[in-house]
Amino acid sequence: MTATNERIINIISNNNTESKETSNLLKEKLKKRGFVIPTEYDERAELNICVGGDGAFLRAVHRYHFTNIPFVGVNTGHLGFFQEILPDNIDEFVDKYIKGDYVTEEIFLVKADICTQKDCFQLIGVNEIVIKGIRSKVVHLEIFIDGNHLENFCGDGIIVSTPAGSTAYNFSSGGSIVYPSLRTLQITPLSPISSRAYRSLPNSTIVPGDITISIKPEYRYENSILIVVDGFEIKYDNITNINFSMPDKTIRKLNFDKNMYWNNLKSKFL
Ligand code: NAP
């Protein structure tokens, strides 16, 4: 039995040496300040601390099913766009957390409702959901925004990204950076073909989060396409329709510095 006034914090760590050392240090410091750090993930925790890079953060969000427990990230990875605490600043982080010197931000998600000839599925992403051809084939997609036909896309695929994901695959593919509090989805083409044979929009389109983006694949050679959610690939056969939208569900992240987003952008991308 656990006491009801226990303050539980989950530490979710990558397995490399730096992450493990940082987690152990964090554990010691938090225990000294009266927190309970369980050996297994505990649903009753008040905070999830994720130690690693952005990949570790994305995996943790998926593994714990987009939990309502807020996240904070300690960066021991490469880029660490989501991971705002540096291992050297752990003491400052613990002090600020105890004082309540932070704000809780919502991270908007993207949802894909996918129907094949047999079944329907739902996928949720933090950064993005991508549609791609299999075996490097061109994909042909009819794109509708809020019921309006936009284009017959031809190319490598499309990315539908959230504002938080706009700095990831979307950005490398020529999409715009969108401030995280703007509730929008961005459709970004991957190598769009624009020629006498096919005409696809060359740039990304940003739409309000409360409207639906519908995609109807046209099959020319293959009847399968790939869906990639935050880097996890799934192959589907005979998809008839995909509806992208922004779910009401969000995840929460603690922010300890109001200038962090802009500092992060400058230091990590310029
Ligand atoms: P990964 O190796 O885990 O990530 C690729 C890079 O993207 C890493 O440097 C990662 O940071 C960074 N990253 C992840 N989310 C980010 C965000 N919101 N803002 C800025 N950078 C971010 O690759 P993966 O396992 O294939 O997929 C994970 C994510 O990587 C996907 O969601 C996708 O957005 C991105 N990705 C990018 C490209 C591309 O840019 N061409 C291609 C495929 C996937 P860390 O180093 O801290 O982990």
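**Disulfide and sheet of the predicted model**

C115 and C120 form a disulfide, with their sulfur atoms 2.2 Å apart; a disulfide is defined here as a pair of cysteine sulfur atoms within 2.5 Å. The structure is a predicted model, in which local features need pLDDT of at least 70 and side-chain atom pairs count only at pLDDT 80 or more, whereas totals for chains, interfaces and linings use all residues. Residues are numbered from 1 along each chain as its sequence is written, and side-chain values use heavy atoms, with hydrogens and water left out.

A search of the whole structure finds one disulfide. The torsion about the S-S bond of C115 and C120 is about 105 degrees, so the disulfide is right-handed. Accessibility was classed as buried (under 20% relative accessible area), exposed (over 50%) or partly exposed (in between), with a 1.4 Å probe and protein chains only. C115 is partly exposed, at 23% relative accessible area, and C120 is exposed, at 53%. Two further cysteines are buried: C50 has a relative accessible area of 1%, and C154 one of 3%.

Strands were taken as DSSP runs (E, at least two residues), numbered from the N terminus, and two strands were considered paired if DSSP finds at least two bridges between them. Six strands form an open sheet with antiparallel pairing, in the order β12-β11-β10-β7-β14-β15. At the edges stand β12 (205-208) and β15 (232-237), each with a single partner strand, so one side of each is left without a neighbour in the sheet.

The pairing of β10 can be described strand by strand. Strand β7 (residues 128-133) runs antiparallel to β10 and is joined to it by five bridges, with I129 opposite V160. Five bridges also join β10 to strand β11 (residues 184-190), again in the antiparallel sense, and here S161 stands opposite Q186. Strand β11 in turn pairs with β12 over four bridges, also antiparallel, where I187 stands opposite T205.
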